[in-house]
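Thanks for coming, everyone. Please have a look at the sequence and the model before I start talking.

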Amino acid sequence: MTMARRIVFVLFVLSLGSLSLWLFATRGAADALESALARARAHLAAGERAQAAALARQVLAREPLRGEAFALLAPALADTGTPAEVLARYEVAVRRAPRDAHVRSWLAVHALRHGDYASAADQLDALMTVSPRYRDAAMAALGQLVADPDFADALARHFVDRPQWRGRLLRYLESDGPPGALDTLHGALGRHGQLDQSDVARWLAGLIRGGRWGEAYAAWVGTLPGLPERVPQPWNGAFANAPTSVGFDWHLRRTPGVVAQRVATTGGHAMRFTFLGRPVAAVGLEQPLLLAPGPHVLRVRMRTADLRASRGLEWTLTCGDNRTRIADGARVRESRTWNDFSLEFEVPEGDHCTGQWLRLVNPASRGVAQALRGELMVTDVRIVPAARP
């Protein structure tokens, strides 16, 4: 080995030794800091704030930017200084330790107490985003808070940024939220243009399932463009617009063996149903209604093309409870040209029938008898009051 190589080798060995000594020293210092932080947490949990603050300061003296120390110092000194000084400590702590749940929670509560709902929403958003284990608690808190119209308004503004938990909160309110909270939030979202059609659909479906037909109808009418003076039932009976499956518009359910299409006709539009030979109980076309008690007449125009159905297809009306049958009829088996069909019925009195469902169904017995082939076209569906006999 040449002299130069020996010198390089010796220097390399010496540098390794120095590095090892430095790593050992820094590891020891790091261990000491972690130990001090652990003791500070224990003191804080025991209510010994002065001891916790002293240890947090020791850590900051060694590592001035150590976030955990700021997160401990803020609550340890919460009873000292002016309110502004306490707030300033927490604001420093949240910048240095953004994942600390206690700091986020304190700032959220502080903002709520001072009516700063926008800041509270920001803190709760961050709490659910950076501290997932606190997500359920934060969700429950939001569920209670949105019952306040002012907080709901601030949250609707916050939703402009489309936080990841937006949909989860709406689903939580649908199933577990306090009464009226979902309605309040939906109203705020609507005012700020933050309601998706899927949001409206879930909201209205929940109201209908809960038997709140009148509220659902009023909310749905409020979403219609231009707020028409007259809202016929069924809505969109001539299929001038594509069914939305929202509220009191036509609902199209995916049905195996049925292909549904909105098509143009010489006089406007119609729904065309193509049947592929599979058993079908319900065609998949239905609409919720809000009819007054009393006699009515359903009128509809239909035509078929090579329709093979053992008992044809017919319309049924049931009360909103989906158990009480009102009527069925206006049956079609073969109609190669457009023909008018009608069904007289009477909506009964009673809370069980405040809302109704209109559906196109196959009345044949279950199984092979329900197999359908061919086509059916439907348009001009109307319901008008009938004179009492």
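Predicted model: local features only at pLDDT ≥ 70, side-chain atom pairs only at ≥ 80, totals over all residues.

Now the overview. The protein has 12 helices and 10 strands. It has 389 residues, and 42% of them count as buried. What about contacts along the chain? Take contacts between residues at least 6 apart in sequence: 65% of those join residues at least 24 apart.

Next, the disulfide. How many does the structure hold? It holds 1. The partners are Cys319 and Cys353, with 2.0 Å from S to S. Where do the two cysteines sit? Cys319 is in strand β6, residues 313-319. Cys353 is in the loop between β8 (339-347) and β9 (356-361). They are 34 residues apart, and the pair links distant parts of the chain. The angle about the S-S bond is -85 degrees, and the link is left-handed. Are these cysteines buried or exposed? Both Cys319 and Cys353 are buried.

Stay in this region and look at Gln356. This glutamine is found in strand β9. Its relative accessibility is 0%, so Gln356 counts as buried. Which backbone atoms does its side chain meet? One is the backbone nitrogen of Leu291, 2.8 Å from a polar atom of the Gln356 side chain. Another is the backbone oxygen of Cys353, at 3.0 Å from a polar side-chain atom of Gln356. That is the Cys353 of the disulfide. Gln356 also touches the other cysteine of the pair, Cys319. Setting aside residues up to four places away in sequence, its contacts include Trp213, Gln287, Pro288, Leu289, Leu290 and Leu291. Thr318, Gly320, Ile326 and Val347 are among them too.

On to a helix: α11, residues 197-209. This helix has 13 residues. From first C-alpha to last, α11 reaches 18 Å, close to the 18 Å expected at 1.5 Å a residue. Which of its residues are buried? They are Asp199, Val200, Trp203, Leu204, Leu207 and Ile208. An α-helix has 3.6 residues a turn, so residues three or four places apart point the same way. What covers the buried residues of α11? The cover includes three helices, α9 (166-176), α10 (181-191) and α12 (213-221). It also includes the strands β4 (282-289) and β9. After α11 comes Gly211, whose phi is positive, near 80 degrees.

Now the aromatic rings. The structure holds 10 aromatic pairs. Take Trp213 and Trp357: their ring centres are 6.2 Å apart and their planes are at 75 degrees, so this pair is edge-to-face. Trp213 lies in helix α12 and Trp357 in strand β9, so the pair ties together parts that are 144 residues apart in sequence. Trp213 is buried, at 4% relative accessibility. Trp357 is buried as well, at 8%.

A second pair is Tyr217 with Trp220. Here the centres are 5.7 Å apart and the planes are at 45 degrees, so the pair is tilted. Both residues lie in helix α12, 3 residues apart, about one turn of the helix. Tyr217 is buried, with a relative accessible area of 15%. Trp220 is buried too, at 3% relative accessibility. How do these rings go together? Trp213, Tyr217, Trp220, Trp235, Phe248 and Trp357 form one aromatic cluster.

Last stop: Val283. This valine is found in strand β4, which is part of the cover over α11. Is Val283 buried or exposed? Val283 is buried, with a relative accessible area of 1%. Leaving aside neighbours within four places in sequence, Val283 is in contact with Thr255, Val258, Phe273, Phe275, Leu313, Leu360 and Val361. For scale, Val283 and Val259 are 24 residues apart in sequence, and their C-alpha atoms are 9.4 Å apart in space.

Thanks, and over to you.

Notes: Residues numbered from 1 in each chain as written. Heavy atoms only, no water. Disulfide = S-S within 2.5 Å. Helix = DSSP H or I, 4+ residues; strand = E, 2+ residues; numbered from the N terminus. Buried < 20%, exposed > 50% of the residue type's maximum accessible area, 1.4 Å probe, protein only. Polar contact = N/O pair within 3.5 Å; in protein donor to acceptor, adjacent residues only side chain to side chain. Contact = heavy atoms within 4.5 Å. Expected span 1.5 Å × (residues − 1). Phe/Tyr/Trp six-rings, centres within 6.5 Å; stacked < 30°, edge-to-face > 60°.
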